[in-house]
Amino acid sequence: MRFKRGVFLTPVLLGYDQDDDGNLIINEEEAKTVRLIFFMYLYGYTCQQIANTLTSLERKTKIGNTEWSPGSVLEILKNERHCGDILARKTWTPNYLDHKSKKNNQDRNQYRQRDHHEAIVSRDDFIAVQRLIHNARYKSRSILPELHVITAGALTGYIAVNTIWAGFTRESYMHAYEQIEFPAEEPEPDVFEVHSGDFDLRGYQIAKGQFFTGSGSINVTFGERYMKFSTEAVRRFDTPYVEILVEPRKKLLAVRPSDKHRKYARKWYVPTEKGPCPRYISGTAFLPALYEIFGWDRRFKYRMLGTFQEKESERVLVFSLADSEAFNDFVFVNVYGQPIHPDAVSTWLVRLEKKYDLPHLNTHAFRHSVASALIYAGVDPVSVSRRLGHAQVSTTTNVYAHVFKKADERNAEILESLF
């Protein structure tokens, strides 16, 4: 392909003209408009405000119009050719019959050449603008975002998670942490205190707490785009807003009460008549960094156990990577935890039916069989509903009303036989 040979198409662009060989040459008069657009955006102006300014100044577009729109301003801000680079194959055509182009989201190879031509704006300014555009989706237009490291108190070493800036990575948090000099930690001696009647558990293997999680445990669940705390967790604080903090070296997460007007405060529950109801916290901007810090695989969801701690008048919930587990929403996975082909289980089932001359059942029938067996065995409706994943117990009792009726008749017969 011509891209591999370094041959790129260079359509007309504000700020550049083309020489006889098709090379991009800066048009100084148009370049003033481009620099003004980048300058204003970096100083906090919106695309609409920039468009209004350009229109009032009667600055011309590439085709000579003096009426500007926010969309035309945004296209200029996002075009990498203004910093001297060129990116080929931004779109691709899936079907050559209808010739409809589609944005290339890593569906096909892309080709970039740095310093292809003279730049109008510096690469640093261009990158800064791209981050501002990206973070504008999360209601953040900060020019110089910062990570604040706590240097005193019970949360020394923790960093307030910037929940609205998507540009921070694991390296950003580690760099912020390493810039602070903390007092040397004195190792705590291993002291075992055993009282009369206590079990001495030294030498025994400790089972992790996640294997005993229930509705009454303090935990937080992470997905690729959200996080959600358990009901028991949100009951620990009397405020619906919290601040999320991370200790990148020890891989700890902490949550403390916050005022709703604080910059990075997030609402973690909704007050109801029955008490606080946990809500999903959107984390598209900051969860990728947390996944990096904890060394997690973004294909999976994770659950961390936490403890309530109160020290030096600071009330916090602390969650440790050591008490975490990975899981996903797939019923059938391969040995690597990845989803298998949708038809694989049905194919296996048909083979077993033919091999052992069994009546045909689809895979969903096993779900009903398990529910019916649990109900008939006397398991309470709440437990059955939880096992099936129903949002309400009434769903279970309605769907399996006939099974509950038979189970009730059997219970009546057992009761009758006792007298």
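I began with helix H8, residues 344-356, in this predicted model.

Next I looked up which H8 residues are buried, and found Ala 344, Val 345, Leu 349 and Glu 353. I then asked which helix the buried residues of H8 pack against. The partner is helix H9, residues 363-376. I also checked what follows H8: the residue is Asp 357, and its phi is positive, near 55 degrees.

I turned to the pair H5 (residues 170-178) and H7 (residues 287-294). Their axes come within 8 Å and cross at roughly 70 degrees. Angles from 65 to 115 degrees count as roughly perpendicular, so I logged H5 and H7 as roughly perpendicular to each other. For the contact itself, I listed Arg 170, Glu 171 and Tyr 173 on the H5 side, meeting Ala 289, Glu 292 and Ile 293 on the H7 side. I sorted the residues of this contact by class and got 3 nonpolar, 3 charged and no polar.

Last, I looked at the nonpolar cores. The largest holds 65 residues, and I noted Phe 222, Met 227, Phe 229, Trp 268 and Leu 290 as those with the most contacts inside it.

Methods: Residues are numbered from 1 along each chain as its sequence is written. This is a predicted model: local features need pLDDT of at least 70, side-chain atom pairs count only at pLDDT 80 or more; totals for chains, interfaces and linings use all residues. Side-chain values use heavy atoms; hydrogens and water are left out. Helices (H or I, at least four residues) and strands (E, at least two) are DSSP runs, numbered from the N terminus. The expected span of a helix is 1.5 Å times one less than its number of residues. Buried means under 20% relative accessible area, exposed over 50%, partly exposed in between (1.4 Å probe, protein chains only). Contact means heavy atoms within 4.5 Å. Axes are lines fitted to C-alpha atoms, for helices over the stretch in contact, and angles run from 0 to 180 degrees between N-to-C directions. Angles under 35 degrees count as roughly parallel, over 145 as roughly antiparallel, 65 to 115 as roughly perpendicular and the rest as oblique. Ala, Val, Leu, Ile, Met, Phe, Trp, Tyr, Cys and Pro count as nonpolar, Asp, Glu, Lys and Arg as charged, and the others, Gly among them, as polar. A nonpolar core is a set of buried Ala, Val, Leu, Ile, Met, Phe, Trp, Tyr and Cys residues joined through side-chain atoms within 4.5 Å.
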